[in-house]
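This report concerns the aromatic residues of the structure shown below.

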Amino acid sequence: YLKISKLALAFAIIHSKPPGKSCKEYTEHLAKTVSEQDFGWKSKVEALEAEVLRLRQELLLNKICPRFCLENDASAETLLDQECINPMSYSSQLEDSGCDVSNDYAFDSLGIASDFHQSEHVDTSKRWLERVPPFNLCCTSKEESLTAPVQFLQHLLEVRKLSEGGILQADFTELENDSFTIFNSVSQLLDGLTIFYNSPKFPVSNFLTEAVCVLISLITDTKLSNHVLKKCFKKLEEFKKNLIQIILRNSNVNRFQALHAVSHTLVLLGRNNILRNSLISFLLSEVRQFAEQLLQAHQIQAMYDITQYENIFLLCMILEQLLQNETEESNISSSDYDGEEKIKFLKNLDQIILHLSDEFPLFSLYLWRVSVLLNSAQIQ
């Protein structure tokens with residue numbers, strides 16, 4: 001049937017071919033015409049789907065808190081004005097290598113200070129996480145796809161804060177009845193952030209900073225995180241894996257600002273107890289695999305990926321930060337993390353460090369520091 005259809009189509013093209021055009025040229029013209037029509041329909045479908053999602057978001061917000069739409073302009077705006085974050089200055093974020101920074105590892109392209117090696121581990125972004133930033137509709141065309149999910153999720157956080165303060169009454173059990181809206185909103189946000197991190201532009205706009213803030217606030221909120229994680233856990237896991245691969249594979253000369261932004265986002269995600277263990281597993285797996293590949297290349301005097309070698313240190317820093325946070329928290333210790341990847345990582349680690357220490361002393365030191373943190377409970 002397929003062969004007969006193709007033959008019939010070929011005859012139809014030949015018979016309808018205008019004079020002065022070859023069959024090949026006419027076929028290419030028809031294909032281009034059809035593809036343009038398909039593109040037009042696809043864009044219309046995408047626009048309709050976006051509108052349907054926006055209406056579902058409004059409906060869900062109305063079910064959670066019918067009075068929110070009426071009182072949002074007054075009460076929510078007043079509440080958020082008290083917690084408004086001062087706009088960050090991006091004048092110093094130039095498109096250079098990112099190496100020349102006054103504080104080692106203290107620079108972050110999102111305008112947030114983060115020091116991976118602070119002995120006291122002062123959480124400089126804790127207050128930032130607890131705030132709901134004012135929504136900014138001034139965004140570029142590339143960011144427009146994030147507008148609806150960010151606004152919807154931010155409104156959820158606003159309702160949460162207003163209900164907590166007794167200003168509004170809200171029924172968050174409605175989130176259980178509409179998994180589609182929550183999943184699609186969070187998925188759009190995660191996909192948009194992944195696209196940005198793959199090809200970041202500096203200076204980073206306030207809108208994207210707010211998008212990251214909304215995501216972190218959402219998964220750290222005690223009331224909303226359970227609803228969100230229950231429906232979007234796999235998507236969040238995929239997002240973390242994508243960020244790790246972005247760090248490992250980025251070979252741009254001016255990559256360091258972007259990689260520190262990704263690293264900081266991973267650290268913030270790792271502050272959630274549910275997401276932390278899986279993130280540690282992903283990081284341990286990548287560091288272990290690279291260490292084994294580096295050892296093998298060293299033993300046979302083969303070439304190794306120098307870009308990945310440079311980038312692997314960021315994963316080690318993230319690991320160190322997460323494991324130190326685990327150890328320092330009163331209700332969590334590093335002994336709570338006893339996954340399969342920990343066993344694989346520690347197996348033969350001493351031999352790997354022994355063989356690599358002369359040629360790669362810094363990397364060996366980082367491996368040893370991570371192993372100490374993993375075994376800190378036993379050492380104590």
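A residue counts as buried when its relative accessible area is under 20%. The model described here is predicted.

**Aromatic pairs**

The structure contains 10 aromatic pairs. One of them joins Phe 290 and Phe 363 in an edge-to-face arrangement, with 5.7 Å from centre to centre and 85° between the planes. Because Phe 290 belongs to helix α11 (residues 273–299) and Phe 363 to helix α15 (residues 361–374), this pair ties together parts that are 73 residues apart in sequence.

Another pair is formed by Tyr 309 and Phe 313: the ring centres are 5.2 Å apart and the planes stand at 85°, so the pair is edge-to-face. Both residues lie in helix α12 (residues 306–328), at a separation of 4 residues, or about one turn of the helix.

| Residue | Relative accessible area | Class |
|---|---|---|
| Phe 290 | 4% | buried |
| Phe 363 | 0% | buried |
| Tyr 309 | 13% | buried |
| Phe 313 | 10% | buried |

Phe 313, at 10%, is therefore classed as buried, since the cut-off is under 20%.

**Cluster and charged neighbours**

One aromatic cluster is made up of Phe 290, Tyr 304, Tyr 309, Phe 313, Phe 360, Phe 363 and Tyr 366. Over the face of Tyr 366 lies Arg 369, 5.5 Å from the ring centre. Lys 44 has its charged end over the ring of Trp 41, at 5.0 Å from the centre of that ring.

How values were computed. Residues numbered from 1 in each chain as written. Predicted model: local features only at pLDDT ≥ 70, side-chain atom pairs only at ≥ 80, totals over all residues. Heavy atoms only, no water. Phe/Tyr/Trp six-rings, centres within 6.5 Å; stacked < 30°, edge-to-face > 60°. Helix = DSSP H or I, 4+ residues; strand = E, 2+ residues; numbered from the N terminus. Buried < 20%, exposed > 50% of the residue type's maximum accessible area, 1.4 Å probe, protein only. Lys NZ or Arg CZ within 6 Å of the ring centre and 35° of its normal.
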